[in-house]
Amino acid sequence: MTLLVSRKPRWGEAILRQLFFLCAIISVLTTAIVIGILVVETSSFFAEVSVIDFLFGTQWRPLLEPKAYGILPLLAGTMLVVVGSSLVALPVGLACAVYLSEYATDRTRNIIKPVLEILAGIPTVVYGYFAIAFVTPGLRVVFDDVQIFNAASAAIVVGIMVLPMVASLCDDALRSVPSSLREGAYSVGATSFEVTARVVVPAALSGIFAAFVLAVSRAIGETMAVTLAAGATPNLTLNPLESIQTMTAYIVQVSLGDTPSGSLAYKTLFAVASVLFSITLLMNLLANRVMRKYQEVYE
Amino acid sequence: MRSDLADHQSSKTLGARSLKRRHLVARLFKSICLGFTLFAVGVLGLLIFQVGADGLPWLDWKFLNNFPSRFPERAGVKSALYGTLWVVSLTALIALPTGVLAAIYLEDYAPKSRLTRIIDINIANLAGVPSIVYGILGLAIFVRFLGLERSVLAGALTMSLLILPVIIISSKEAIRAVPSSIRLAAYAVGATQWQVVRFHVLPAAIPGILTGVILALSRAIGETAPLIMIGALTYVAFVPEGPMDEFTALPIQIFNWTSRPQAEFHELAAAGIIVLLAVLLTMNALAVLIRYKGTR
């Protein structure tokens, strides 16, 4: 009896394999190109502006005379929005997650989950519109004396925007805590609050932490809502009621004008983008690392 | 030792509290959590109400069929709507095959090597890069370096890079969900790797893949910043007829109208948002339908 298996090499299989590999490597190429462009353009920016002036200067005026290239005002603007949005998104998101995982019946859960998914799917420009059409006027009228909403409207809408992400990631973290831990605590007489605050949340802490880091990273990179609602005045201030400019909003502002490529103003785009990219990349790496570690614990 | 002592003390204070008070705290806590959850639901309601109240009066056939204009009563979203459809279709054509093939490679072909791990980590991190950075990439590579100018193609290529990580991650999950017994059975009767993928893995994974792709495309529809970066915010009073034409898109038109001071333009923006949300809703309904058909 002869063996029916052909020994002929299958070229098609090999070619397909190479093609699939090429598709997969595109992502690595993308990262390499992004980093390459940022490094090249930023270093040519630093040939004209000193690194010290850029990192520690307190004036950002790259388009008007006298020019100044200190990024601190943009960083401060971004931080103001990030802190404000975190004040909204982190507690509310965590509370949502606690309610969903510890209290809600399946029926309630099936209503609230889709609502959060819809909120997460709404384009950021819509939140920008919401800030201008509702939050900014509403800040003075509705939330007149409530201190927690004392932040600027950009921070509030960015907070609302990242809230669903915080809620769903924290929900995942809380639900992955084994129910035996809860039952143990209940059986020795703890109330639901004590179970949540002293057992479940501490057990899920790394997941919650990762969710918070990712939320902050999202808020740093958020562009349209802050461009529309936070203003375009680079302003080194801690007062959330003043007009500011974030790093992302500056990038949009420059690209709205007609900036000739090769000019110093064009290069500021890349210098600012480098700072933005480095910060968000570091935070994402941190969050991914914490998440991986925490998955090991509960599998 | 010290933390033991602290634990002991805290449990002592726990016992010292009256039971009534502890239950009160628990009830209060539950109400606060519920309150915050209702806040999130309420915000969605408010947002929809605000958009509807502002935008619905402006929404008519004329609005869909007019080009942008300085005069609010004559302004419409025709060029933006067509621009969005053009960009999304081209993005789908580019990103769908690339993303799915990459996912197939990473799940079924890739050796367990360091390179594979690097690709995986890289994709996870790319998914978290701010969209405006993709805009800068598009501006430097597609618009300036490759000389594509402000074309539909430049927009679609930028958007493709933006949503590729999302498509790859969701496709990988769908492919991984196919039981390995199916693969092994096919191999056992002598199928080649490609035959296993083509005739067994893909058919089983396709509903999951399509759901992920549609959700990724709906993200592309709503993205504004990358398109502004590549210079799509210009006055466009024509419908693009080919991939090299200039274009504008719905979110850009909404941005433009929102950034104007006049109230009429804010209402136009709301009307534009309704059109945008309608497009998104249609796509999401499609995704739900596919998921439902796939699980049956």
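**View 1. Secondary-structure order of chain A in the predicted model.** Chain A holds 12 helices and two strands. With a radius of gyration of 24 Å, well over the 19 Å that the globule rule gives for 299 residues, chain A is more spread out than a compact globule. The C-alpha trace of chain A spans about 75 × 75 × 35 Å along its principal axes.

**View 2. Packing of helices H7(A) and H8(A).** Helix H7 of chain A comprises residues 179-187, and helix H8 of chain A comprises residues 192-203. The axes of these helices come within 10 Å and cross at roughly 150°. Angles over 145 degrees count as roughly antiparallel, and H7(A) and H8(A) are therefore roughly antiparallel to each other. The crossing in which H7(A) passes H8(A) is right-handed. From H7(A), the contact is made by Leu181(A), Arg182(A), Ala185(A) and Tyr186(A). From H8(A), the contact is made by Glu194(A), Val195(A), Val199(A), Val200(A) and Ala203(A). The residues of this contact of H7(A) with H8(A) divide into seven nonpolar and two charged, with no polar residue.

**View 3. Contact between chain A and chain B.** Chain A brings 67 residues to the contact, and chain B brings 72 residues. On the side of chain A that touches chain B, helix H1 of chain A (residues 11-46) gives the most, with 17 residues. The residues on that side of chain A comprise 46 nonpolar, 18 polar and three charged.

**View 4. Domains of chain B and the contact between them.** Chain B is divided into two parts, namely domain 1, covering 2-58, and domain 2, covering 62-295. Taken over C-alpha atoms, the centres of domain 1 of chain B and domain 2 of chain B are separated by 37 Å. In the contact between these domains, five residues of domain 1 of chain B meet eight residues of domain 2 of chain B. On the side of domain 1 of chain B that touches domain 2 of chain B, the residues divide into three nonpolar, one polar and one charged.

Note on methods. Residues numbered from 1 in each chain as written. Chains lettered and ligands numbered in written order. Predicted model: local features only at pLDDT ≥ 70, side-chain atom pairs only at ≥ 80, totals over all residues. Contact = placed C-beta atoms within 7 Å. Helix = DSSP H or I, 4+ residues; strand = E, 2+ residues; numbered from the N terminus. Nonpolar A, V, L, I, M, F, W, Y, C, P; charged D, E, K, R; others polar. Axes fitted to C-alpha atoms, helices over the stretch in contact; angles between N-to-C directions. Parallel < 35°, antiparallel > 145°, perpendicular 65-115°, else oblique. Left-handed = near helix turned anticlockwise from the far one by under 90°. Domains from an automatic or database assignment. Rg over C-alpha atoms; globule rule 2.2 N^0.38 Å.
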